[in-house]
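Try each task before you read its solution.

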Amino acid sequence: MARIETDPNYNAPTFSRATAATDLFKKEDVQALAAAMSTHVHDNAGKGLSVAPAAGSIPGSALADNSITSAKIVDGTITYGDIAAGAGGVQQQLGQYLGIPTFSTATTGSWVATTVTCSVTVSGGLHRIEVFTSITHSAAAGFYLTGIGIDGPPTYNGSAVRSPGVNYEVPISYTLYMSLAAGAHSVTLYVLNTTAGTLAISNQANSGLSLTEQRR
Amino acid sequence: MTGLDVGGQVIVLDELQAELAAGGVAVPHGLSIAGPKVSQSPPPPVPGALPAPCPAGSVLFTYDDQGEPADLPPAAVPIVAAHSPDPPADALAAIKAVPRGADTEVLRDRIVDYLEARFGGPP
């Protein structure tokens, strides 16, 4: 006699059964088995053993939309090839100025905003700011600084120039990486003229200012 | 700040600043001109020539004590309207005007004037 009264993989309900040819057969065994099978779900927790699907056997339609989130992806495994070209999710340009500006100033000794500016709304984090322009100064050897201001005058100098001659166009170009708080900001090219005379952004070439949000 | 419309006017800012000071209009924080983007560049500037007229929509303004753009006082309006800058002195023409056989000291002074005008003196 080797009957078991409780199946090891079913407990709610369980069922008994014969395990040897000489065991007594009870009709209740069939009833208990039917009751257990009625609710089996392969949960590996009392209603049947779990089922390991064969590779490639789960169709995409079996997954609810948006059900795969970062918690189900091992950190650091998304590679360059996983991201579609032009998806815009890795780096996104949020604002740009491009054109031939009209701006000149005779103010000396303080930062003044130019017309090379753009407005952006950022989600926070690291940003790349690129600027290019050409500037003239009416004084021979006129000295001036430029900088990028976020919502106001810059807190550091981006370039320092001593004009090589009267009204010589001097090209200026640089790239900054800055962390910005989430929200709306104005990004502006500022100049600080330290020599008496007129400083002007050249109208012989375009000036540009671009802000790109760096994302992983 | 609305600024003073100077579209179409030829302005040499540092000269205008001196004219305002001479007229008793104080602009201790200087002057600036801002305007729209232009669709096409004017002809390249000629050394020694006046700047191109300001594009339509350009405005002239100063700054307040906090560095924010501010309107000029009303007394500045007629002075700005009368602003008519003279072309800068043509130092090269002055060299050419020195007659042959002239005193070399005269020629030297003109050359120095020209070089300083173009390239400046020692910083």
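Two strands count as paired if DSSP finds at least two bridges between them. Keep in mind that this is a predicted model.

**Exercise 1. Find the strand pairing that crosses from one chain to the other, and name the bridge partner of A:S104.**

Step 1: Start with β1(A), which pairs with strand β2 of chain B, residues 32-38. The sense is antiparallel, and the pairing runs over 5 bridges.
Step 2: Now look for A:S104, whose bridge partner in β2(B) is B:I33.

**Exercise 2. Describe the interface of chain A and chain B: how many residues are in contact, and how much area is buried?**

Step 1: Count the contacts. On one side are 28 residues of chain A, and they meet 30 residues of chain B.
Step 2: Turn to area. The two chains bury about 2000 Å² between them, with 50% of it on carbon and sulfur atoms. In chain A, the residues that lose the most area to chain B are A:I100, A:T102 and A:Q204, together 28% of what that side buries.
Step 3: Check the polar side of things. There are 14 residue pairs in polar contact across the interface, while the count of salt bridges is 0.
Step 4: Ask where the touching residues of chain A come from. Both β1 (91-105) and β2 (111-122) of chain A supply at least two, and β1(A) gives the largest share, 9 residues.

**Exercise 3. Decide whether B:H83 is buried or exposed.**

Step 1: Locate B:H83 in the loop between α2 (76-82) and α3 (91-96) of chain B.
Step 2: Apply the cut-off. B:H83 has a relative accessible area of 6%, so this residue is buried, since buried means under 20%.
Step 3: List its contacts beyond four places in sequence; among them are B:Q9, B:V12, B:E15 and B:E19.

**Exercise 4. Examine the backbone at A:H42, A:A141 and A:P13.**

Step 1: Recall the background. Most residues other than glycine have a negative phi, and most peptide bonds are trans.
Step 2: A:H42, in the loop between α1 and β1 of chain A, has a positive phi near 55°. Its relative accessibility is 39%, so A:H42 counts as partly exposed.
Step 3: A:A141 also has a positive phi, about 65°, and lies in the loop between β3 (125-137) and β4 (143-150) of chain A. At 11% relative accessibility, A:A141 counts as buried.
Step 4: Finish with A:P13, in the segment before α1 (27-38) of chain A. The peptide bond from A:A12 to A:P13 is cis, with omega near -5°.

Terms used. Residues numbered from 1 in each chain as written. Chains lettered and ligands numbered in written order. Predicted model: local features only at pLDDT ≥ 70, side-chain atom pairs only at ≥ 80, totals over all residues. Heavy atoms only, no water. Contact = heavy atoms within 4.5 Å. Buried area = accessible area lost by both parts, 1.4 Å probe. Salt bridge = Lys/Arg side-chain N within 4 Å of Asp/Glu carboxyl O. Polar contact = N/O pair within 3.5 Å; in protein donor to acceptor, adjacent residues only side chain to side chain. Helix = DSSP H or I, 4+ residues; strand = E, 2+ residues; numbered from the N terminus. Buried < 20%, exposed > 50% of the residue type's maximum accessible area, 1.4 Å probe, protein only.
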